[in-house]
Amino acid sequence: MGPGMFSAGDWSGLARGLDEDGWALLPGLLDAAQCRSISGLYDAGSGFRSRVVMARHGFGRGEYRYFSYPLPPLVAEMRAGLYPYLAPIANRWCERMGQAACFPDDHPSFLARCHAAGQTRPTPLLLRYGVDDYNCLHQDLYGAQVFPIQLAILLSRPQADFTGGEFVLTEQRPRMQSRVEIVPLQQGDGVLFAVNQRPRRGLRGDYRVTLRHGVSRIRSGSRHALGVIFHDAT
Ligand SMILES: O=C(O)CCC(=O)C(=O)O
Ligand SMILES: [Fe+2]
């Protein structure tokens, strides 16, 4: 487990995927036992700061819980461990979008900035979907401080534990219609993707596209996922 399992060569491929597509796959980030232990936390019920029933807010159908601090060790390690690989990519995006390069090298420094801005509540979350549940296209923005890349990990087994329930990304280009991509995830795979905006290379230089993500309807079974967002919430 962890970012250390990806070589420097892997990371240059991941960075290229993020730059070109706005997302990149981290295959086998967690093993089956780790997936089971994290999804098992959902019903254990302790270690969370709140529970959201998505239908009550128009977010879709299904529910999720935000972890409280201290995060489970595996979640804390992934959040702090991945960040240093992502910060240079995020800073390149800032530069290409004409924003001052903005992100410190390590996660504690970025969290200190969030906390100083009043964003003190942890954002990593565990999601649980049953039959007919889905997650509407959305963006995980929780305040002015935004780290532009986030991670989601599929904890359940497609076909064995559930069918349907595909992870979907849309990309909206200025004055144009949106494009859709389905990210093929197996149990334990992670996907890194743009939270909000990212630069896209055009014929006449870079322009900004806006991403949203969601999950299509679960056709059978149940599906768990772990979301790791790098900024904290107000
Ligand atoms: O259930 C999923 O795969 C996506 C969850 C999500 O919206 C997130 O991790 O931010
Ligand atoms: Fe999300």
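**View 1. Helix H1 spans residues 8–21.** This helix has 14 residues and reaches 20 Å from its first C-alpha to its last, close to the 20 Å expected at 1.5 Å a residue. The expected span is 1.5 Å times one less than the number of residues. Helices (H or I, at least four residues) and strands (E, at least two) are DSSP runs, numbered from the N terminus. Gly 22 follows H1, with a positive phi near 85°. The model is predicted: local features need pLDDT of at least 70, side-chain atom pairs count only at pLDDT 80 or more, and totals for chains, interfaces and linings use all residues. Residues are numbered from 1 along each chain as its sequence is written, while chains are lettered from A and ligands numbered from 1 in the order in which they are written.

**View 2. Helix H2 covers residues 32–44.** H2 has 13 residues. Its first and last C-alpha atoms lie 19 Å apart, close to the 18 Å expected at 1.5 Å a residue. Gly 45 comes after H2, and its phi is positive, near 85°.

**View 3. Ala 33 sits in helix H2.** Is Ala 33 buried or exposed? Ala 33 counts as exposed because it has 9 C-beta neighbours inside 10 Å. (Buried means 20 or more other C-beta atoms within 10 Å of a residue's own, exposed 12 or fewer, partly exposed in between; C-beta atoms are placed from the backbone.) Ala 33 and Leu 74 are 41 residues apart in sequence and 12 Å apart in space, C-alpha to C-alpha.

**View 4. Ligand 1 has a shell of residues around it.** Leu 127, Asn 135, Asp 140, Ala 152, Phe 167, His 213, Val 215, Ala 225 and Gly 227 surround ligand 1. Each has its C-beta atom, placed from the backbone, within 6 Å of the ligand. Strand E13 (205–215) and strand E15 (223–228) are the elements that give two or more residues to this shell. The shell divides into 5 nonpolar, 3 polar and 1 charged. (Ala, Val, Leu, Ile, Met, Phe, Trp, Tyr, Cys and Pro count as nonpolar, Asp, Glu, Lys and Arg as charged, and the others, Gly among them, as polar.)

**View 5. Residues 120–233 carry a UniProt domain feature.** An unreviewed UniProt entry places "domain: Fe2OG dioxygenase" here. Such annotations may be inferred rather than shown by experiment. Over residues 120–233 the chain is 0% helix and 54% strand. The end C-alpha atoms of this stretch are 6 Å apart.
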